[in-house]
Amino acid sequence: KRTPEQLQRMSEGVAKIIYTFKSPDGEIISVRNLSKCTLLPYGAMRNLYRGKTKEHKGWTFVGSEKVKR
């Protein structure tokens, strides 16, 4: 088990990634955690940002950005 101090030090060094998707309506939506997002199934969103598919049900991937906490 890790101590709370170890967990804190680990989380301080981790960069967050913000994924940006475009909805079928043309709205731009930013997502921090893909696994908790309910826009699309996780696998479909992963395939979009990895470039395996261009679009899924009208949704497209716009870009990603790394943000330090």
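**Around Phe-21**

Modeller: Phe-21 counts as buried, at 1% relative accessibility. Buried means under 20% relative accessible area, exposed over 50%, and partly exposed in between (1.4 Å probe, protein chains only). This is a predicted model: local features need pLDDT of at least 70, side-chain atom pairs count only at pLDDT 80 or more, and totals for chains, interfaces and linings use all residues. Residues are numbered from 1 along each chain as its sequence is written, and side-chain values use heavy atoms, leaving out hydrogens and water.

Phe-21 belongs to strand β1, residues 15–22. Strands (E, at least two residues) and helices (H or I, at least four) are DSSP runs, numbered from the N terminus. Contact means heavy atoms within 4.5 Å. Not counting residues up to four places away in sequence, Phe-21 touches Glu-27, Ile-28, Ile-29, Val-31, Leu-34, Met-45, Leu-48, Trp-59, Thr-60, Phe-61 and Val-62. Ser-64 is 43 residues from Phe-21 in sequence, yet their C-alpha atoms are 9.0 Å apart.

Just after α2, Gly-51 has a positive phi of about 90°.

Lys-57 sits between β3 (55–56) and β4 (59–68). Its phi is positive, near 55°, though Lys-57 is not a glycine. Most residues other than glycine have a negative phi. Lys-57 is exposed, at 68% relative accessible area.
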